[in-house]
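I want to go through the loops, the helix packing and the cores in turn.

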Amino acid sequence: MIYFFTSDYHFSEYGGPDGELGASLRYLSQRFTMPLPELKATLTDIGTEELNHLEMIGAIVYQLTKDLTEDEIKKQGFEDYFVDHTTGVYPQSAGGSPYTTASMQVKGDPITDLHENMAAEQKARSTYDNILRFCDDYDVKDAIRFLREREVVHYQRFGENLRLMTDKLDEKNFYAFNPSFDKKCFKNCMKKK
């Protein structure tokens, strides 16, 4: 028997503050102000992949909750959620807070946004680590391990993009302006080859 508490934690990766919904919206929104095509491409790729992860988490939550009986719903403390959503997959944290864009950031400064993204990937990895501590279903654990591994890869890709961005700038100036807003400074501060 799979108890609901396992899927309760999965809700956090669906619509929690460090979940896949926020990640996809963050990256697909940040891509517009990236000054280099390589950075735009990375954010588009990873943002799209995060939408796939959102679908995977939604499928896991649905499979874990779709056949709950009234007694199981009561026993697992799922009544409040059930009253509002039955067993529909609704974006919220494990604590029951609905998804809000207030938990994500889009600054419009590529250096700031890339640092934000690296931190976001680490927070998501930590959440997956915590889910794995409580999950006792091996099929679910395999999917969660896969998603956790992708968070590590995304962290690395954002780090590579941060290096690409800063390597193209004069080291003395890359924190002195916003490369996506201060276009003239960006052109003037590019390293001469």
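I began with T86, which sits in the loop between α5 (79–85) and α6. I'm working from a predicted model, so local features need pLDDT of at least 70 before I note them. I looked up the backbone there: T86 is not a glycine, yet its phi is positive, about 55 degrees.

Next I followed the chain into α6 and checked how it packs on α7. Their axes are 9 Å apart, and the angle comes out at about 165 degrees. Angles over 145 count as roughly antiparallel, so I put α6 and α7 down as roughly antiparallel to each other. I also noted the handedness: the crossing of α6 past α7 is left-handed. Sorting the residues of this contact, I get 15 nonpolar, seven polar and seven charged.

Then the cores. The largest nonpolar core has 22 residues, and I57, I60, F78, Y128, V140, I144 and L147 touch the most other members. Which helices supply at least two residues each? I find α1 (4–15), α3 (37–65), α6 (110–134) and α7 (138–167). The top contributor is α3, which gives five residues.

A general reminder to myself: in soluble globular proteins, nonpolar side chains tend to be buried together.

Notes
Residues are numbered from 1 along each chain as its sequence is written. This is a predicted model: local features need pLDDT of at least 70, side-chain atom pairs count only at pLDDT 80 or more; totals for chains, interfaces and linings use all residues. Side-chain values use heavy atoms; hydrogens and water are left out. A nonpolar core is a set of buried Ala, Val, Leu, Ile, Met, Phe, Trp, Tyr and Cys residues joined through side-chain atoms within 4.5 Å. Buried means under 20% relative accessible area, exposed over 50%, partly exposed in between (1.4 Å probe, protein chains only). Helices (H or I, at least four residues) and strands (E, at least two) are DSSP runs, numbered from the N terminus. Axes are lines fitted to C-alpha atoms, for helices over the stretch in contact, and angles run from 0 to 180 degrees between N-to-C directions. Angles under 35 degrees count as roughly parallel, over 145 as roughly antiparallel, 65 to 115 as roughly perpendicular and the rest as oblique. A crossing is left-handed if the near helix is turned anticlockwise from the far one by less than a right angle, and right-handed if clockwise. Ala, Val, Leu, Ile, Met, Phe, Trp, Tyr, Cys and Pro count as nonpolar, Asp, Glu, Lys and Arg as charged, and the others, Gly among them, as polar.
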